[in-house]
Amino acid sequence: EILNALSIQIEQQNAIVQFNSIEDSIYIYADQLHISSVLFNLVDNALKYAKDQPIIAISLVKKDHFVLLTVKDDGIGIAKENQLKIFNKFFRVSQGENKHNIKGYGLGLSYVYYIIKKHKGNIKVESDLGKGTSFIITLPL
């Protein structure tokens, strides 16, 4: 559903989106609207902060009593000093001189963090400038 909703942006950017899951289906007890919004936000950000032809990999893995959802991109990345701040309300990574090339209010990732925590899950970010970013979400089954 999320990839379908973003299909125009994906097509316009000539993005490659890969979805991998070993399981046929994985069920979690969650608010469908909010979890969908979390995924939408992460994929939308991967497209917004992409380089030339974005490659986005989404994976879903069942592990013990948890599901690991990873959204990985090959975009511009996030500097180490900003990685702990990106989940704060209104925080936006500056592009220099308080200028932002991407429109937004700095609420998306704080919303993502809040929703994942409300679902008794965890989220972490792994990123290198110029090499891309991975958001790894752990949710209970």
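The backbone oxygen of S127 sits 2.9 Å from a polar atom in the side chain of Q83. This is a predicted model.

**Q83.** This residue belongs to helix 4, which spans residues 80–83. Is Q83 buried or exposed? Its relative accessibility is 10%, so Q83 counts as buried, the cut-off for buried being under 20%. Leaving out residues up to four places away in sequence, Q83 touches I78, V125 and S127.

**A46.** Now to helix 3, residues 32–48, where A46 has its place. A46 has a relative accessible area of 2%, so A46 is buried too. Which residues does A46 contact, leaving aside neighbours within four places in sequence? They are I56 and D73. K72 is 26 residues from A46 along the chain, yet the C-alpha atoms of the two are separated by 7.8 Å.

The table sets the two residues side by side.

| Residue | Helix | Relative accessible area |
|---|---|---|
| A46 | helix 3 (residues 32–48) | 2% |
| Q83 | helix 4 (residues 80–83) | 10% |

**The strands.** Strand 1 covers residues 16–21, and strand 2 covers residues 55–63. The two run parallel. How many bridges join them? Six do. In this pairing, S21 stands opposite L60 of strand 2.

Helix 3, the helix that holds A46, is also part of a β-α-β unit with strand 1 and strand 2. That unit is left-handed.

Note on methods. Residues numbered from 1 in each chain as written. Predicted model: local features only at pLDDT ≥ 70, side-chain atom pairs only at ≥ 80, totals over all residues. Heavy atoms only, no water. Helix = DSSP H or I, 4+ residues; strand = E, 2+ residues; numbered from the N terminus. Buried < 20%, exposed > 50% of the residue type's maximum accessible area, 1.4 Å probe, protein only. Contact = heavy atoms within 4.5 Å. Polar contact = N/O pair within 3.5 Å; in protein donor to acceptor, adjacent residues only side chain to side chain. Pairing = 2+ DSSP bridges. Right-handed = clockwise from strand over helix to strand, strands pointing away.
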